[in-house]
Amino acid sequence: MEVVEKLKNRTNIDVDQLIERLSKELSSKDTSQIEYALYDTLIIILDVTHQPKVPSELYTTWLRMTKDYWYLNGFDKLNKNDGETEDKSKEKREIQSISIGDTKTTFVDKSSQISVNGVTYSTGTINYSEDALIEKYKKDLYRHRKMRW
């Protein structure tokens, strides 16, 4: 079964329109990667809410979760060529420490970090946990949570 069909079976939301919107907002032409990100966040939402399908009221939450999931896992860097990522990495470098004697300056590369709710995560690494998404969207997801016995 195709990923899009799995998505359509687990929600009442128009998945084709959601994929189209995400491809524009994420500036990605690779819809298969977007479909997999949507599927991963669908599993997270269903696991937290204990619902058989994602309710249509969670459309914006699902959209925002997928965008955060996209950036937290570093999928945005997969679509860029080496020249673009090199230029961006130079822009995001900040000074970590400066020593006056013998003049030593240490830079921090912020291109592989993202901040969610004030917590900084390294993106695209195994240190990333989907608990960050659950914590960020807990209020929205718990509103649609169903008791499980």
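Colleague: Is leucine 63 buried or exposed in this model?

Modeller: Leucine 63 is buried, because its relative accessible area is 4% and residues under 20% count as buried. Please keep in mind that this is a predicted model.

Colleague: Where is leucine 63 placed?

Modeller: Leucine 63 belongs to helix 4, which runs over residues 59-72.

Colleague: What does leucine 63 touch, not counting residues up to four places away in sequence?

Modeller: The residues touched by leucine 63 are Leu18, Arg21, Leu22 and Glu25. In the case of arginine 21, 42 residues of sequence separate it from leucine 63, and the C-alpha to C-alpha distance is 8.9 Å.

Colleague: Which salt bridge does glutamate 25 form?

Modeller: Glutamate 25 forms a salt bridge with arginine 21, and their closest N and O atoms are 2.8 Å apart. Both residues sit in helix 2, four residues apart, which is about one turn of the helix.

Colleague: Which residues are linked with Arg21 in a network of salt bridges?

Modeller: The network links Arg21 with Glu25 and Lys67.

Colleague: And what is the relative accessible area of arginine 21, and that of glutamate 25?

Modeller: Arginine 21 has a relative accessible area of 31%, so it is partly exposed. Glutamate 25 has 32%, so it is partly exposed.

Colleague: Let us turn to another residue. Is aspartate 68 buried or exposed?

Modeller: Aspartate 68 is buried, because its relative accessible area is 14%. Its place is in helix 4.

Colleague: Which residue meets aspartate 68 in a salt bridge?

Modeller: The partner is lysine 136, with an N to O distance of 2.8 Å between the side chains. This pair links distant parts of the chain, since aspartate 68 is in helix 4 and lysine 136 is in helix 7 (residues 131-136), 68 residues apart. Lysine 136 is partly exposed, at 32% relative accessible area.

Colleague: What else is aspartate 68 in contact with, leaving aside its neighbours within four places in sequence?

Modeller: Besides Lys136, aspartate 68 is in contact with Leu133 and Tyr137.

Colleague: Where does threonine 61 lie, and is it buried or exposed?

Modeller: Threonine 61 lies in helix 4. Threonine 61 counts as buried because its relative accessibility is 4%.

Colleague: How many salt bridges does the structure hold?

Modeller: The structure holds eight salt bridges. One of them joins the side chains of lysine 138 and glutamate 135, at 3.2 Å from N to O. Lysine 138 counts as partly exposed at 28% relative accessibility, and glutamate 135 is partly exposed at 48%.

Colleague: Which residues gather in the patch of negative charge on the surface?

Modeller: The patch of negative charge consists of Asp40, Asp47, Glu130 and Asp131. Of these, aspartate 47 lies in helix 3, which covers residues 31-49.

Colleague: Where is serine 27, and is it buried or exposed?

Modeller: Serine 27 is in the loop between helix 2 (15-25) and helix 3. Serine 27 is exposed, because its relative accessible area is 61% and values over 50% count as exposed.

Colleague: What about histidine 50: where is it found, and what is its phi?

Modeller: Histidine 50 is found in the loop between helix 3 and helix 4. Its phi is near 60°, a positive value in a residue other than glycine. Histidine 50 is buried, with a relative accessible area of 18%.

Colleague: Finally, the overall picture. How many helices and strands are there?

Modeller: The protein has eight helices and four strands. Along the sequence, their pattern is α-α-α-α-α-α-β-β-β-β-α-α.

Colleague: What part of the contacts with a separation of 6 or more comes from residues 24 or more positions apart?

Modeller: Such residues account for 60% of those contacts.

Technical notes:
Residues are numbered from 1 along each chain as its sequence is written. This is a predicted model: local features need pLDDT of at least 70, side-chain atom pairs count only at pLDDT 80 or more; totals for chains, interfaces and linings use all residues. Side-chain values use heavy atoms; hydrogens and water are left out. Helices (H or I, at least four residues) and strands (E, at least two) are DSSP runs, numbered from the N terminus. Buried means under 20% relative accessible area, exposed over 50%, partly exposed in between (1.4 Å probe, protein chains only). Contact means heavy atoms within 4.5 Å. Patches are made of residues with over 30% relative accessible area and no salt bridge: like charges are joined within 9 Å, nonpolar side chains (Val, Leu, Ile, Met, Phe, Trp, Tyr) within 5 Å. Accessible areas come from the Shrake-Rupley method with a 1.4 Å probe; for residues, only the protein chains shown count as cover. A salt bridge is a side-chain nitrogen of Lys or Arg within 4 Å of a carboxyl oxygen of Asp or Glu. Lys and Arg count as positive and Asp and Glu as negative; His and the chain ends are not counted. The place of a charge is taken as NZ of Lys, CZ of Arg, CG of Asp or CD of Glu.
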